[in-house]
Amino acid sequence: MARAGLAGAVRVARWADAALGPGRAGATTDGKATLSDATAERAAADLGLSAAQIRAEWDTARLAGLVEVHGDSARPGWRLRAWDRDDSAVLRGWVALFDAWSLACPEPDGHEPAAVAEVVSAMPQVLSFLQLSAGPVPVEQLLDLLQQRVTELRTERCEVAYEPGTGQPAGAPGPADPAPAADAPLAPLLDWALRALASVGALTYGDGQATLTPLGNWAVWVKLEQICVAAQSPAGNIEQSAEDMLRGCAQLRPNAARAEYRAWLAARPVGSAVTELIAAARGDDALLRGLAFEALRVVGAPAEPDVRSVVDEPALRPYALLWLAEHDGVDPEDAHEVLTRDEATWLWVDTAAAVADHGEAPMLVRHLESAVQPTVPQLLDEVRAVGHPRTVQVLVALAAAHPDPALAKAVRRAAFQVHTGS
């Protein structure tokens, strides 16, 4: 169903990729990735559609992430690239369109923006009711539910209606006022919402009733499941920033940490979550760098473009290469083979920095065994060569922790040489 519903958008997105790629005439002229008139007419002629149909499918492609807008240009999204081989990309694209239902159809004229926003905020409860009903529901019943939910939203905000220009609560002595906007009828807005949801394939709407499609039913079920997952956050970090959440996971066992990552991810859009995790990985704390990429493993395929985009950043390159290798199906135990000797050494130093900052001395000593170099002198030579910014601190901490006096002395000498540049 998702493939069928988005087939037209995929067709237009692929046409744009082929006809408007790098080095060809641009598709847009307004800095918002809106198709120019000339481009829409050209696409219509090539695909046998009207210009209006081309624009509608282009907008759908943007909302579904088949086309991604970057500044004043648009380019194919990862979902379009993965369309033929990855069912999850198809479903994620449709869910993105489902989440953007309020943008899929223009809202009716003559309504206050606040009233429209209230209806958009209340619709998840209406959709949940449709999902639980498992069949057609009269629009009158949905309207009653919508009115109840909007009233609850206003109560939660502790709204008090004030008379215009007086600063006095409504009902205070003064001239009579017309009915406030809060009393505006919601029926036209419910009609708009149901038509918009029908346009994206989430439900059928007609004859005074609405019914979720199987695809809409599945999407609502997934949303409810995500809410349940988020509510089961073991460490209670789902409201925190990515950096604070990762710090909260530092002392958890791997399975508990993964459960926390899943809960944190379920509570926010995937795109912004990945951006936050990458930003945390760029920080100075090496422990957070490793944990951020563990969280990105939980994200899976949607994180691939962002991970690929940081491969050229020295601090993130080893982590990104390992992530991509595992994503491509390489056994995690063999993934290290994709790293060069220098990259593996850099990663060893970075991990040692995390252990030195957050672990215990015996753990740092044991970390020696994970080095790819067969001897300590060879390890020290290569550690000095890779130029990690924490090299001196790592070597000093290792020298202080190691029980072998001779080895500790050699490590201290190496730290001194790095510090002095000798």
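Biologist: Where in the chain is confidence lowest, and where is it highest?

Modeller: The model is predicted, so each residue carries a confidence value, the pLDDT, from 0 to 100. The chain has a mean pLDDT of 85, with 87% of its residues at 70 or more. Confidence is lowest in strand E1 (residues 67–70), with a mean of 77, and highest in strand E5 (residues 209–212), at 96. Residues 23–32 have a pLDDT below 50; this stretch makes 18 contacts in the model beyond near neighbours in sequence. Over residues 171–182 the pLDDT is also below 50, and that stretch has seven such contacts.

Biologist: What is the volume of the largest pocket, and which residues are the closest to its centre?

Modeller: Rolling a probe the size of a water molecule over the atoms shows where empty space is left. Here the largest pocket has a volume of about 1,500 Å³. It is lined by 38 residues, and those closest to the centre are Arg79, Arg92, Val270, Gly271 and Pro302. By type, the lining of the largest pocket has 19 nonpolar, five polar and 14 charged residues.

Biologist: Why does the largest pocket lie between domain 1 and domain 2?

Modeller: Domain 1 (1–103) and domain 2 (107–152 + 184–231) both contribute residues to the lining of the largest pocket, so it lies between them.

Biologist: Which helices supply the lining of the second largest pocket?

Modeller: The second largest pocket holds about 1,100 Å³ of space. Of its 40 lining residues, Gly290, Glu294, Tyr319, Leu347 and Thr351 are the closest to the centre. At least two lining residues come from each of helix H12 (254–266), helix H14 (286–299), helix H16 (317–327), helix H17 (341–358) and helix H18 (361–367). H17 gives the largest share, 10 residues. The lining of the second largest pocket consists of 22 nonpolar, 11 polar and seven charged residues.

Biologist: What is the strand order in the open sheet of three strands, and which are the edge strands?

Modeller: Strands of a sheet pair through backbone hydrogen bonds, either parallel or antiparallel. In this open sheet the order is E3-E5-E4, and the pairing is antiparallel. Strand E3 (137–138) and strand E4 (203–206) are the edge strands, each pairing on one side only.

Biologist: How many bridges join E4 and E5, and how many residues lie between these strands in the hairpin?

Modeller: The antiparallel pairing of E4 and E5 runs over four bridges. Glycine 206 has glutamine 209 in E5 as its bridge partner, and tyrosine 205 stands opposite alanine 210 in E5. The two strands form a hairpin with two residues between them, and aspartate 207 in the turn has a positive phi of about 55°.

Terms used:
Residues numbered from 1 in each chain as written. Predicted model: local features only at pLDDT ≥ 70, side-chain atom pairs only at ≥ 80, totals over all residues. Heavy atoms only, no water. pLDDT = per-residue confidence, 0-100. Contact = heavy atoms within 4.5 Å. 1 Å grid on protein atoms, 1.4 Å probe; cavity = no way out; pocket = protein on both sides within 12 Å on 5 of 7 lines; lining within 4 Å. Points joined across faces, edges and corners; volume = space filled by probe spheres on them. Nonpolar A, V, L, I, M, F, W, Y, C, P; charged D, E, K, R; others polar. Domains from an automatic or database assignment. Pairing = 2+ DSSP bridges.
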